[in-house]
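Please view the sequence and the structure together.

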Amino acid sequence: MFNFICRRVIHAIPVILIIATVTFFLIRLAPGDPLSDEKAVPPEIRVNLEAHYGFDNPLWLQYLHYMGNLFQGDLGPSFKYIGWTVNELIGQSFLVSLELGLLALIIAVLLGTISGTIAAVNKNSSLDYLPMSIAMAGICMPTFVMGPLLVLFFGLYLGWFNPLGWEQWSDRVLPAFTLGIYYAAYIARLTRSGMLEILSSDYIRTARAKGLPEWRVVLVHGIKTGLLPVVAFLGPASAGLISGSFVVETIFQVPGLGRFFVMAAFNRDYTMVLGTVLFYATLIILLNLIVDIIQVIINPRLKYE
Amino acid sequence: MPRFYRIIIKSLLPAALSLSIAGCGIRETNVERGNREQILYIGNGSEPEGLDPHIVTGVTEHNIISALFEGLVSEDPIDLHPVPGMAKYWEVFEEGKRYIFHLREEAVWSNGDAVTAHDFVYSYERILSPALAAEYAYMLYAMENARAFNAREITDFSAVGAKALDDKKLEIRLERSIPYFLELQSHYSWWPVHPPTIEKFGGMTERGTHWTRPENIVSNGPFTLTDWMINQRIKVRKNPRYWDAEKVKLNGINFLPIDSRDTEERAFRVGYLHLTQTIPLHRVDYYRNERPDSSRFDTYLGTYCYLFNVNSPPLDDIRVRKALSLSLNREEITQYVTRAGQQPAYHFTPPDTGGYNARARIEYDSEKARKLLAQAGYPDGEGFPELELLYNTSESHRTSAEAIQQMWKKTLNIEIKLLNQEWKVFLNSMHSKNYQIGRFGWIGDYNDPNTFLDLWVTDGGNNRTGWSNPEYDKLISLASKTYAKEQRFNHFQDAEKILLEELPVMPIYFYVRSLLIHPSVRGWHPNILDRHPYKHVYLDGE
């Protein structure tokens, strides 16, 4: 397993370098720059700004300079938020996104696997149709509809939660649900199809034939293999969840990473775009590695390759 | 009903009910708490770019910085006329070309250091240093040799027109007399920073250091910065060392950076905020009719307009530009499209800008518009090439553009193609004059017609129309050299007349500032610059 991890990490380095290079030049190709604004500044001030940020150097030199800093773990200063480095901004906001994402993930996994399993066990009954219809609705309902609906009902009408903010514990509930429900619905459907396939396989029939109680058949023998598609889905899903969601963060005014990721591109905040893209890429590589390890652990048919 | 559901209903429903009863009425809202503690909760639009008065450029930033710092003069809360700030009084010499400011003995920084004339000189040198690359350095160009120093033409700052005569006496010499010089002092680019703090964190010309963090910052305004979580909150609290602390009634202000208008409106509804930045368009009618005590619609020092690229035929023909403007029903646009109380604009400079009201007018006359278009060679729009109308992607710009597109189609029978571009791409297209008709909005930097009319001089940095008129340039230059108000305004009147005669820019409406305000907020007076000195604001929860 140690060799496996080492190999994957070594493979990841060129991937990150390629992503950094491509992003660096792509964002420079986009029209506009971080310094442009509706009010044009006098040319002499523009010269000062370009000199300060090194934009007067040739692009290849700027690239080398950036990569040099990157190797030392320095993502540079933000162009938009003057006085903050990209490392600081990502560090601060990622902690928020991580918290929100983990809560949403817990909600998604609990709701999804339980309702999916219930549906699979009670195939073609109302206990199957109802959760699956809700799940379908959950998949179809975008977060920008779900969020305001939850706010309207629990924030404005019932007054249980603040409609926005990230100050107290209760402020976590609505955004976590908004974010988690979509994934819960997806996981429910994956669980149901995975469980249905497993529950009709030979070894489950053997288990039943041996006279095991149904709950043991499902929860001990069935679920372990039945959840494999869910585990595979969890890699990208957790990356998506803990890297922040632009929509949910905007609706609830959550100071997470998602908004930086999107707004940096709009602001042409070059260093912030690169920083968030690289961070996101690293996160996906890391989570996929973890998922691969978990899959080998729960599926004895797989080996570290 | 299967047992499963019954269990759910039996167990969850009472729980939900009890929670809802427990939740109602017990929690104190921000507004209630704020009224009790004299803490104002403001929705501040978006996260500020920073809090360094010499680096930032926006209104969002001004809202916070004006709580933390104070310049030589301050503003009257009602009509914003200059009142003593850091300077107790001032003398004017040589027809307004030389000022001597006498600083208050009691003016101190939040760490107890005295505010001196040297601090001001240091601050001017800082913002004008090319290495700092301050965008608003040009706000100080009125000062003798300031532009030359900023453009690296001279390197000796002692040649610049700012001198500390002693600790409390500051002399400022100007290139030429400027009638609105004292009003300029309310712009944060003129405000002082604390030199030892700047030196401690990287030095005078270092951009983006940590000196503005709550644990480091030293300021001289009515409040001090106590908490800053990016994208979450900024808290300022009363500065007991402020010279006029007795008058400051608020104990603090919490600025919340809420980007989404809808989120902000929901926050206001549940008492999370005293003040919002704006009102979502779809809620304007509701608040105007049902909650007039909680909503404000004040004229704002800005003009919304379309620019014509005069180098792009057929817009090079004055008659075509005039026809387009004449066929625009501005009343309809403000009444049915923008709806928040904007004033239709029949001239360019907003009404009562620094006491100036333009006499020249453009009009709405479809008949005349058709005639002019026919004279230009396009009777009933025949043979008129399809024009492109460019705006930055936004719901409100789109609806206005669609309405105008329809008006032109109906009156002139011409086709206009709408094209929207993402903000920075749009800016790029506009700056490089790669457009035919383009959206443009201008908010005045200060309350004087000059900030609107000097835009259109030949090759002006913000004149993206390609339009040039020597007579116009002459008038603007004359106005800048004239000190007598009436004569100066006459030059502006003549200039505006030329502008509206040739129409490189088509005014559509004057901006309005719409906001939600809790009835407990006092001392928040409407004014054209939308500035509200916080030391006069207080909360009355009775």
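How many residues has the largest nonpolar core, and which residues have the most contacts inside it? The model is predicted. Its largest nonpolar core has 202 residues.

## Nonpolar cores

The residues with the most contacts inside the largest core come from chains A and B.

A second core is separate and has 21 residues. Among them are Phe24(A), Tyr81(A), Leu89(A) and Phe260(A).

Back to Ala184(A). Leaving out residues up to four places away in sequence, Ala184(A) touches Ile107(A), Ala108(A), Leu111(A), Gly112(A) and Gly138(A).

## Helices α4 and α7 of chain A

Helix α4(A) spans residues 86–121. It packs with α7(A) at an angle of about 35°, and the two axes are 6 Å apart. The crossing is right-handed.

By class, the contact of α4(A) with α7(A) has 21 nonpolar residues, seven polar and two charged.

## Helices α1 and α13 of chain A

Helix α1(A) covers residues 2–29, and helix α13(A) covers residues 270–298. Their axes come within 10 Å and cross at roughly 155°. The two helices are therefore roughly antiparallel. The crossing of α1(A) with α13(A) is right-handed.

From α1(A), the contact uses Ile5(A), Arg8(A), Ala12(A), Val15(A), Ile16(A), Ile19(A), Ala20(A), Thr23(A), Phe24(A) and Ile27(A). From α13(A), it uses Tyr270(A), Val273(A), Leu274(A), Val277(A), Leu278(A), Ala281(A), Thr282(A), Ile285(A) and Leu289(A). The residues in this contact of α1(A) with α13(A) divide into 16 nonpolar, two polar and one charged. Phe24(A), part of this contact, also belongs to the second core.

## Contact between chains A and B

Chain B brings 45 residues to the contact, and chain A brings 41. On the side of chain B that touches chain A, the elements giving two or more residues are α1 (3–23), α8 (261–269) and α14 (423–431) of chain B.

Which of these elements gives the most to that side? The answer is α14(B), with six residues. By class, the side of chain B that touches chain A has 20 nonpolar, 16 polar and nine charged residues.

Notes. Residues are numbered from 1 along each chain as its sequence is written. Chains are lettered from A and ligands numbered from 1 in the order in which they are written. This is a predicted model: local features need pLDDT of at least 70, side-chain atom pairs count only at pLDDT 80 or more; totals for chains, interfaces and linings use all residues. Axes are lines fitted to C-alpha atoms, for helices over the stretch in contact, and angles run from 0 to 180 degrees between N-to-C directions. Helices (H or I, at least four residues) and strands (E, at least two) are DSSP runs, numbered from the N terminus. Angles under 35 degrees count as roughly parallel, over 145 as roughly antiparallel, 65 to 115 as roughly perpendicular and the rest as oblique. A crossing is left-handed if the near helix is turned anticlockwise from the far one by less than a right angle, and right-handed if clockwise. Two residues are in contact if their C-beta atoms, placed from the backbone, lie within 7 Å. Ala, Val, Leu, Ile, Met, Phe, Trp, Tyr, Cys and Pro count as nonpolar, Asp, Glu, Lys and Arg as charged, and the others, Gly among them, as polar. A nonpolar core is a set of buried Ala, Val, Leu, Ile, Met, Phe, Trp, Tyr and Cys residues joined through C-beta atoms within 7 Å. A residue is buried if 20 or more other C-beta atoms lie within 10 Å of its own, exposed if 12 or fewer, and partly exposed in between; C-beta atoms are placed from the backbone.
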